[in-house]
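User: Please examine the following model and answer some questions about its architecture.

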Amino acid sequence: MMISFSKYVKFVVPKSIKKMTVDGLTGLLPTKNCPGQLRSDIFAPVNIPTDTCDKVYTTATIDTISKKLATDLTPEETKKVKTFIVLHSEFPDRPNWENPVIGWAKARGYFNPPPREYDDIHVEKNKPSITITSPANGSTASGNFTVTVSVNAPKGVKMITYYIDGESVGATTASPFSITLNTGSEAGEKTLTATILDKIYFTATTSIALTFSPDTQPPNETTNFTAVTSELIVTLSWTNPADFDFDHIEIYRSTDSEFSPNESNLITTIIGTPNQIQSFIDQNLPAGTYYYIIRTFDKVGNFSAGVSSFAIVS
Ligand SMILES: [Ca+2]
């Protein structure tokens, strides 16, 4: 007698059984707030989830410094939208039901309710302020000028940034936060702005009006300009001036002690930084006495009269 099992092998899924994608932790319908992995599951009609995971997951905007709820005063830089998990039992009001669920959630890292307190660091009394104490509002600036500020920052200064007509011209992070600027070849009415960024990302800004007059001031001369001979080589060395707008030096050479520096006797142009010690080797010189002049140049082309030295090659 043959018994066929074939009719038992094929399982026809009843139409009432639903295959659905749900949140992996809660088994609830997914929304964009579900941070966990999704899984596929099958549900009998009575078990089909109707709640979304928003019942368990909630988002809140947090201040990342205080770790508390952001307020209108919380800077955008320190705001972060975070997802929190709030798991409850079927009967949250009954400790016998609720406590074991909370305990289970805590043990698995699923107990993470949002904070209840508001950001108490970004408050009015912690706001910084800044004023420009020099130059005076409405004054004229020519060449190099130093900007000084008065700062009140209860939470500390991260950076002060300076702007001329809205364009950043420098920043400083160290007290007393002053900075030296230069008018260059610019002339006319300008707006000088100083902005403070404090350590909790509060900002404050102040501005003054200035009249710029072009820089006509040459840098100071170099110091320690020496010419030392060794065999047929002359080593020239010097220290650049401290001027903020120093740009480069030019060295001129002649066998005439009374010579005037010009294009025809220019032997080198060397870019450098203020206070830098630099040198240049002048070689392949026939025996003789050589006179040198070194001039300093600023960034807009103002130059010094020059200082001299000499060397005897024999
Ligand atoms: Ca100058």
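Analyst: Two strands pair if DSSP finds at least two bridges between them; strands (E, at least two residues) and helices (H or I, at least four) are DSSP runs numbered from the N terminus. The model is predicted: local features need pLDDT of at least 70, side-chain atom pairs count only at pLDDT 80 or more, and totals for chains, interfaces and linings use all residues. Residues are numbered from 1 along each chain as its sequence is written.

User: How many bridges join strand 8 to strand 9?
Analyst: Strand 8 covers residues 157-164 and runs antiparallel to strand 9. Within strand 8, Ile160 stands opposite Thr172 of strand 9. The number of bridges joining the two strands is 5.

User: Which strands stand at the edges of the sheet?
Analyst: The sheet is open and mixed in pairing, with 5 strands in the order 6-12-11-8-9. Two of these have a single partner strand each, so one side of each is left without a neighbour in the sheet; they are strand 6 (140-142) and strand 9 (167-172).

User: Is Ser185 buried, partly exposed or exposed?
Analyst: Ser185 lies in the loop between strand 10 (179-182) and strand 11 (188-198). A residue is buried with 20 or more other C-beta atoms within 10 Å of its own, exposed with 12 or fewer, and partly exposed in between, C-beta atoms being placed from the backbone. Because Ser185 has 13 C-beta neighbours inside 10 Å, it counts as partly exposed.

User: What distance separates Ser185 and Thr216 in space, C-alpha to C-alpha?
Analyst: In sequence, Ser185 and Thr216 are 31 residues apart. Their C-alpha to C-alpha distance is 8.4 Å.
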